[in-house]
Amino acid sequence: MTQAAGLGATIRAWRDRLSPATTGLPAGRGRRAAGLRREELAELAGVSVDYIVRLEQGRATTPSAQVTAALARALQLTTAERDHLFRLAHLAPPAADQISDHIPPGVQRVVGRLGDAAVAVFAADWQVIWWNRSWAALLGDPSASPPGLRNFARDTFPVTSDGPAMSRWPVISLDADATSAAVVSDLRRATGRFPHDRRLAKLIRDLTEGNDRFAELWAAGTVAAHREDRKIVKHPSVGAVTVDCDVLTDGDAELKIVILTPAPGTRDEASMRLAAVAGVASPSEPVGEAARHDLR
């Protein structure tokens with residue numbers, strides 16, 4: 001393989017074709033390059049700037065699958081481009097029968113244009129893979145939690161009390177029983193779509209063995225999807241905020257786009273705006289290169 005077609009050159013070419021506006025970043029002044037700066041790509045992918053430099057200079061040639069997936073999301077790659085990036089990194093592309101953490105460019109454009117709504121994207125197993133600043137401001141920054149705990153199903157059916165949850169402060173569902181049943185049903189549907197996915201199998205095994213309520217609901221065999229809910233977020237700065245929770249599903253990958261919005265013209269809407277102004281609390285612990293996600 002020629003150097004011009006290698007991993008570093010390809011990442012640089014894809015970085016150069018993206019404008020800040022397409023990723024939700026401010027354009028700023030005095031930009032020399034039309035594309036993303038290295039530090040901007042690093043922030044979007046949740047890796048260090050030094051690591052991006054080493055990748056583009058060919059001094060790092062074997063990023064992990066997690067880092068490669070994060071780069072594919074940050075660079076807004078198509079599925080074919082994502083698979084090419086995996087091969088350049090000497091990794092096997094995700095198989096069709098495996099849960100995908102990739103967010104297609106079209107979905108990224110949609111979620112990036114939802115204004116002040118709190119938005120997150122989840123994989124088919126309810127693993128959160130992207131969130132915006134409004135989500136982090138309302139619920140707390142998920143990057144403060146270990147990646148393995150950033151899962152709504154694990155939040156709904158805790159196995160242990162160790163470690164921070166996906167949400168940084170309490171969130172109350174106004175119909176918790178229906179929500180719990182819907183999450184279990186949704187996971188069962190995912191097992192039919194991705195029968196050989198190891199991450200999903202481990203999740204089901206952990207929850208079945210470690211949470212009696214999950215095991216009871218799982219044994220019922222219901223197949224459905226989680227679509228809507230109403231929640232109360234107990235925000236530490238602005239108090240309780242009631243929001244509607246709507247869940248959209250994207251295509252064969254079974255991505256779940258979760259949108260939290262307050263009723264217009266209410267105190268909750270004002271409180272959510274205050275939460276956004278207050279900003280995103282810093283994670284309590286340092287976050288590794290592949291642990292953060294785009295908070296735009």
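Visitor: Is V128 buried or exposed?
Guide: This is a predicted model, and V128 is placed in strand β2. A residue counts as buried under 20% relative accessible area. V128 has a relative accessible area of 3%, so V128 is buried.

Visitor: What separates the C-alpha atoms of V128 and L255?
Guide: Along the chain, V128 and L255 are 127 residues apart.

Visitor: Where is Q127, and is Q127 buried or exposed?
Guide: Q127 sits in the loop between β1 (118-122) and β2 (128-131). The cut-off for buried is under 20% relative accessible area. With 14% relative accessibility, Q127 counts as buried.

Visitor: Which backbone oxygen does the side chain of Q127 reach?
Guide: Not counting residues up to four places away in sequence, Q127 touches V121, F122, P147, R150, N151 and R199. One of these, P147, is reached by the side chain of Q127 at 2.6 Å. The atom reached is the backbone oxygen of P147.

Visitor: Which residues of helix α12 are buried, and why are they on the same side?
Guide: Helix α12 covers residues 212-220, and its buried residues are F214, L217 and W218. They span an arc of only 105 degrees around the axis, which puts them on the same side of α12. On the other side, D212, E216, A219 and A220 are exposed. The buried residues asked for are F214, L217 and W218.

Visitor: Which helices do the buried residues of α12 pack against?
Guide: The buried residues of α12 include W218. The packing partners of this buried set are α10 (176-193) and α11 (198-210).

Visitor: How are α11 and α12 arranged?
Guide: Two packed helices are described by the angle between their axes and the distance between the axes. For α11 and α12 the angle is about 115 degrees, and the axes are 5 Å apart. That angle makes α11, relative to α12, roughly perpendicular.

Visitor: How many nonpolar, polar and charged residues are in the contact of α11 with α12?
Guide: From α11, the residues in this contact are I204, L207, T208 and G210. They meet D212, F214, A215 and W218 in α12. By class, the contact has five nonpolar, two polar and one charged residues.

Visitor: Which helices do the buried residues of α6 pack against?
Guide: Helix α6 takes in residues 79-88. Its buried residues are E81, R82, D83, L85, F86 and L88. These pack against α1 (7-16) and α5 (65-74).

Visitor: What is the phi of H90, and is H90 buried or exposed?
Guide: H90 follows α6 and lies in the loop between α6 and α7 (105-112). Its phi is near 65 degrees, a positive value in a residue other than glycine. Exposed means over 50% relative accessible area. The relative accessible area of H90 is 60%, so H90 is exposed.

Visitor: Where is Q76, and is Q76 buried or exposed?
Guide: The loop between α5 and α6 holds Q76. Q76 is not a glycine, although its phi is positive, at about 55 degrees. At 12% relative accessibility, Q76 counts as buried.

Visitor: Where is T62, and which residues does T62 touch?
Guide: T62 is in the loop between α4 (49-56) and α5, and at 55% relative accessibility T62 counts as exposed. T62 and L91 are 29 residues apart in sequence, yet 8.2 Å apart in space from C-alpha to C-alpha. Not counting residues up to four places away in sequence, T62 touches A89 and H90.

Visitor: How many of the 296 residues in the chain are buried, as a percentage?
Guide: The chain has 13 helices and six strands. Among its contacts between residues at least 6 apart in sequence, 63% join residues at least 24 apart. The buried part of the 296 residues is 46%.

Terms used:
Residues are numbered from 1 along each chain as its sequence is written. This is a predicted model: local features need pLDDT of at least 70, side-chain atom pairs count only at pLDDT 80 or more; totals for chains, interfaces and linings use all residues. Side-chain values use heavy atoms; hydrogens and water are left out. Buried means under 20% relative accessible area, exposed over 50%, partly exposed in between (1.4 Å probe, protein chains only). Helices (H or I, at least four residues) and strands (E, at least two) are DSSP runs, numbered from the N terminus. The arc is that of the directions from the helix axis to the C-beta atoms. Contact means heavy atoms within 4.5 Å. Axes are lines fitted to C-alpha atoms, for helices over the stretch in contact, and angles run from 0 to 180 degrees between N-to-C directions. Angles under 35 degrees count as roughly parallel, over 145 as roughly antiparallel, 65 to 115 as roughly perpendicular and the rest as oblique. Ala, Val, Leu, Ile, Met, Phe, Trp, Tyr, Cys and Pro count as nonpolar, Asp, Glu, Lys and Arg as charged, and the others, Gly among them, as polar. A polar contact is a pair of N or O atoms within 3.5 Å; within protein, one must be able to donate a hydrogen and the other to accept it, and residues adjacent in sequence count only if both atoms are side-chain atoms.
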